[in-house]
Amino acid sequence: MKKLLKTLPLLLVLVMVSSCNSVRVVTDYDKGANFDNYKTFAFFKTGIDKAEISDLDKRRILRAIEAEMLAKGFTKSETPDLLVSIFTKSEDQINVYNNNFGGFGGWGGWGWGWGGLNNNFNSVRTTTKGSLFIDLIDANKKELVWQGKGDGFLGTYKSVDKKEARIKEFVTEIMMHYPPGVAE
């Protein structure tokens, strides 16, 4: 039992850390679309230009999407069946932790008891939750046929490689659900 009590805090920390790294995905699609007919793709520049992120991150996202589409057997084309667009949103979340714990034992006027040290420890942590939308648009009809949305926490990365890996993780998790019915 003592061993369990000692390892429980470690397990809780591991669960919290792993949950921060996960990407939650939801998708929506047109039930009337025949996804077997889509074989080629191109990027929808008009939509991509509206995404409010740096050009560097746009290119990282587009490279990751292109790799996923090619891995699914699509071909990049000047006359595509599907147009790919992206949209991003982010919001900062501020968490304030107030940890109050009692003082220490000491000698008082009437004997041994709790001393006068009151430890108030406050910490503030800001995290950024990001959403990446990947839209697949029927190029002939100009209608949205599939949308994947990934939500997760974004880090502040000192390493470009770590940032790129996180972007690839978002895209891979989202595209895992295309075509509809694959990962549902």
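## Leu144 and strand β8

Leu144 sits in strand β8, which spans residues 143-154; helices (H or I, at least four residues) and strands (E, at least two) are DSSP runs numbered from the N terminus. At a relative accessibility of 43%, Leu144 is partly exposed; buried means under 20% relative accessible area, exposed over 50%, and partly exposed in between, with a 1.4 Å probe and protein chains only. The C-alpha atom of Leu144 is 9.9 Å from that of Asp28, although 116 residues separate the two along the chain.

## Model and overall layout

This is a predicted model, in which local features need pLDDT of at least 70, side-chain atom pairs count only at pLDDT 80 or more, and totals for chains, interfaces and linings use all residues. Residues are numbered from 1 along each chain as its sequence is written, and side-chain values use heavy atoms, with hydrogens and water left out.

The chain contains 4 helices and 8 strands. Their order along the sequence is α-β-β-α-α-β-β-β-β-β-β-α. Of the chain's 184 residues, 30% count as buried.

## Salt bridges

The structure has 10 salt bridges, each defined as a side-chain nitrogen of Lys or Arg within 4 Å of a carboxyl oxygen of Asp or Glu. One of them joins Asp49 and Lys45, with an N to O distance of 2.9 Å. These residues are 4 positions apart in helix α2 (residues 45-49), so about one helical turn separates them. Asp49 is partly exposed at 45%, and Lys45 is exposed at 57%.

Asp55 and Lys58 form another salt bridge, at 4.0 Å from N to O. Both lie in helix α3, 3 residues apart, which is about one helical turn. Lys58 is buried, with a relative accessible area of 10%.

Asp57 and Lys163 are also paired, their closest N and O atoms being 3.3 Å apart. Asp57 belongs to helix α3 and Lys163 to helix α4, so this pair ties together parts that are 106 residues apart in sequence. Asp57 is buried at 13%, while Lys163 is partly exposed at 30%. Both take part in a network of salt bridges that also includes Arg60, Arg63, Glu164 and Lys168.

## The largest pocket

The largest pocket has a volume of about 460 Å³. Its lining consists of 19 residues, and Ile53, Asp57, Leu154, Lys163 and Ile167 lie nearest its centre. The elements that give two or more residues to this lining are α3 (55-71), β4 (82-101), β7 and α4 (160-175). By class, the lining has 7 nonpolar, 7 polar and 5 charged residues.

A pocket here is an open set of points on a 1 Å grid over the protein atoms alone, where a 1.4 Å probe fits and protein lies on both sides within 12 Å along at least five of seven lines; lining residues have an atom within 4 Å of a point. The volume is the space filled by probe spheres set on the points. Asp, Glu, Lys and Arg count as charged, Ala, Val, Leu, Ile, Met, Phe, Trp, Tyr, Cys and Pro as nonpolar, and the others, Gly among them, as polar.

## Backbone exceptions

Most residues other than glycine have a negative phi, and most peptide bonds are trans. Lys142, which is not a glycine, has a positive phi of about 60 degrees. Lys142 is in the loop between β7 and β8 and is exposed at 60%.

Tyr178 and Pro179 are joined by a cis peptide bond, with omega about -5 degrees. Pro179 lies in the segment after α4.
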